Amino acid sequence: MNAAGNAEPTRGRGGQLAAQRQATIVAEVNSRGAVTVAELVDRFGVSDMTIRRDLDALDSSGLLHKVHGGATSVGLRSAHEPGFDAKLTQESGAKQAIAAEAARRVRPDSAIGIGAGTTTYALARQLLRVENLTVVTNSARIADVFHGNGRSDRTVVLIGGIRTPSDALVGPIATAALQSLHLDMLFLGAHGVDAEHGLSTPNLMEAETNRSFIAASREVVLVADHTKWGTVGLSTFATWNDLDVIVTDTGLTQSARKSMRDTGCELVLATS
């Protein structure tokens, strides 16, 4: 039965309908980079099992890569790293909601770390109204957000390093700079979030820099939209014991919500 209470089409006449649905799924994955099973169930009004069969068939045909809870484009393997601009428009509404929710946790006179990424970039814009901030970041784009604001009550520290495709500055220079710092809060994004593998990135040097960020911080907040769940990058940089708060959006599936609550971290669902 579908969401409207009607029987789903069977595989005869349904064969053509299934082919059309699968073609739409492939187009959506290629356009956005990733989709979740829950999103596809809502879109097509079919069962969870039907969508999973579609993803199995498309994965076997090499048209997408099935992951836990959804699918990614065939280019998004564990070592693939999309560029900043390619990710900037993806799930923009969810990222803005997450950024607004996370920003409420920042108090004046704080020293905070902000890792590179498009969700943390949205967060930086939300933090422009907070007074007397010291911001440490490895993102030139995030540093520019604060510098462009021209406030005199803010100190911005941009750590140096090797630039990644996602515009993070990483490597031994960045790691060394972080080792002597003490931050009240840290906001990090992630390429992938997985119940078993934690937070991961395709870039080995970025993983090392993120670990140094975490070691320098009293409280660590993950800011990541629901499409990151079920993706595993090349290198894990944080386990659930490293995190205090997870801020995501209401698109997160019920099973993922349960998994996240079982980690012991505070789970916050931002609404747009």
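Buried means under 20% relative accessible area, exposed over 50%, and partly exposed in between (1.4 Å probe, protein chains only). Strand 14 covers residues 245-249, and five of its five residues are buried. Helices (H or I, at least four residues) and strands (E, at least two) are DSSP runs, numbered from the N terminus.

This is a predicted model: local features need pLDDT of at least 70, side-chain atom pairs count only at pLDDT 80 or more, and totals for chains, interfaces and linings use all residues. Residues are numbered from 1 along each chain as its sequence is written, and side-chain values use heavy atoms, with hydrogens and water left out.

**The neighbours of strand 14**

Two strands pair if DSSP finds at least two bridges between them. Find L222; its bridge partner in strand 14 is I246.

**T201**

Go to T201 in strand 11, residues 198-201. Is T201 buried or exposed? T201 is buried, because its relative accessible area is 3%. A polar atom of its side chain lies 3.2 Å from the backbone nitrogen of N203. Beyond its neighbours within four places in sequence, T201 is in contact (heavy atoms within 4.5 Å) with residues including H191, E206 and F237.

**Salt bridges**

Side chains of opposite charge can pair when their charged atoms come close. A salt bridge is a side-chain nitrogen of Lys or Arg within 4 Å of a carboxyl oxygen of Asp or Glu. By this rule the count is 12.

Select D54 and R21. Their closest N and O atoms are 2.5 Å apart. D54 sits in helix 3 (residues 48-60) and R21 in helix 1 (residues 13-32), 33 residues apart. Both D54 and R21 are buried.

Next, show R104 and E101, a salt bridge at 2.7 Å. R104 is exposed, at 52% relative accessible area. E101 is partly exposed, at 23%.

Finish with R218 and D184, which meet at 3.1 Å, N to O.

Conventions:
A polar contact is a pair of N or O atoms within 3.5 Å; within protein, one must be able to donate a hydrogen and the other to accept it, and residues adjacent in sequence count only if both atoms are side-chain atoms.
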